[in-house]
Amino acid sequence: MRHRLLVPGAAALSLLLAIPASAADFTPGAPGVGDTYYPESGNGGYDVSHYDLRLKYQPKTDLLEGTATLLATTTQDLSRFNLDFGLKVSEIRVNGKKATFATSGKHELEVTPATPLEKGRQISVVVRYAGKPSELKIDDFTAWARTPDGAVIAQEPDSAVWWFPSNDHPTDKATYDVSVAVPDGTQALSNGVLASQTSKLGWTRYNWRSDKPQATYLTTLAVGKFDITTDTTANGLPVINAVSKDLGANEGSARASIERTTEITEWLESVFGPYPFNAVGGYVPNVPARYALETQTRPFYGKKAFDRGTNVSVVVHELAHQWYGDSVSLKDWKDIWINEGFAAYSQWLWSEKEGEGTAQELADYVYAQHPADDPFWKVKPGNPGAENQFDAAVYDRGALALQALRTKVGDKVFFDLLKSWPTEHKYGNASVADFVTFAEKKSGKKLAGFFDTWLFQPSKPAAGAAKRSLGAPRGPVAQPKSWKQIAATHDAHGH
């Protein structure tokens, strides 16, 4: 086939020679994803598929040295893009070529590649850095906790900026290789499975691999001296638990709690379906914290979570998150009920299984103990506001909504929902609105008004609505046997 050569006019030709046709299409990526509560979190213009973190940490000085390699795909024509990071950077390379960089805002690292990046291009970003994470303060806060023999990073909703550069929002999940060198006699724990371990010249390197999509805040690192136990579930899943060697009086209760991990995981599979990741477990470092966090495959439990003795309920909660919050992650931090309402309700189901109070009895108790003028009802689990994101009402009222749903649609439909949701949304992100639509589809019922009443109205559902949704309790509402331990875990959820 023949083609005619079209010759542009002189004015057009001079314009073409002065400005490449595509130059105007290359623009900077957004410095945030526009999250409702945390608009500066995450970045626009690219999607990360894998993080390779090669680190060296000296507990005595708190010096962390690192080389992070990010594999990503551009989602627009990029002239520049941002990473979320706070430590001092010495060099950045994009596709092997040195890039220029600058800092802005509280934790923005602006990267300008040697040449613009076309949309849809696979890129590699290598960042070399070093610093003392405990000295990095953002809003007068550090998520990096030093311990007598090491350090721990486990925090929600932000933690990555203290130890590796990232696209720091749950909507950009990736796989991870985390390789950490620490002095001999010290251990390094992270997510997933231990792929290898080597020692050389006084340093031991631990290579951890998490091979399923993982949010940045769910990526953890613990350095110290631990007693580590291993096991496998009935399905052959590796179980790795670790307890610090210097927990003092809390050691027994901590160990007795997390050593139930295998049993609890097998039970949760019967409720939520197959476990979604390559390992499971938990760790308790010597951190004087009461909170716990669902760090993927290896939940973190603060030492003080066991001040009152064995706390199996909190282990149930954090392991339930592996399905609800980790595998299926929220789209926006306002969708926190997708995480916490279901994890809290798993504790109610565990109570029911253990004969310490049915979910219905717990629902009746929660409803009865909060009068209509209680601030508890002002918190809307479906969109609680950043200041109330981890309020007790998000957990208790959030679980109450699920028991009301169970009563409304019946056990068969309800428990099918609990399994099919994490199966059909595996490794993805979802919102409260997505769940409402899903529940309507699976149940064949119109549920928008129901969910509005239980999740979005800043008031106590009327007695009539509560009776229809929860069933009418007979006589005085007694406190279920499990309630004190369930309530005790509320302190473990303030991040």
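Strands, as I use the term here, are DSSP runs of E with at least two residues, numbered from the N terminus. I worked throughout on a predicted model.

**Entry 1: Asn95.** I looked up the loop between β5 (88-94) and β6 (97-98) and found Asn95 in it. I noted a phi near 55 degrees for Asn95, which is positive in a residue other than glycine. Asn95 counts as partly exposed because its relative accessibility is 27%, between the limits of 20% and 50%.

**Entry 2: Thr297.** I turned to the loop between β20 (292-293) and β21 (300-301), where Thr297 lies. Thr297 is not a glycine, yet I read a positive phi of about 70 degrees. Is Thr297 buried or exposed? I recorded Thr297 as buried, with a relative accessible area of 0%.

**Entry 3: Pro157.** I checked the peptide bond from Glu156 to Pro157 and found it cis, with omega near 10 degrees. I placed Pro157 in the loop between β11 (150-153) and β12 (174-183).

**Entry 4: the annotated span.** I took from an unreviewed UniProt entry the feature "domain: Aminopeptidase N-like N-terminal" at residues 49-218. For that span I noted 58% strand and 0% helix, with the end C-alpha atoms 15 Å apart.

**Entry 5: the whole protein.** I counted 12 helices and 23 strands. I recorded 55% of the 495 residues as buried. Among contacts with a separation of 6 or more, I found that 71% join residues 24 or more positions apart. I listed 52 positive and 56 negative side chains, the centres of the two sets lying 3 Å apart.

Technical notes:
Residues numbered from 1 in each chain as written. Predicted model: local features only at pLDDT ≥ 70, side-chain atom pairs only at ≥ 80, totals over all residues. Heavy atoms only, no water. UniProt positions renumbered as here; feature names shortened; annotations may be inferred. Helix = DSSP H or I, 4+ residues; strand = E, 2+ residues; numbered from the N terminus. Buried < 20%, exposed > 50% of the residue type's maximum accessible area, 1.4 Å probe, protein only. Contact = heavy atoms within 4.5 Å. Lys, Arg positive; Asp, Glu negative; His and termini not counted. Charge placed at Lys NZ, Arg CZ, Asp CG, Glu CD.
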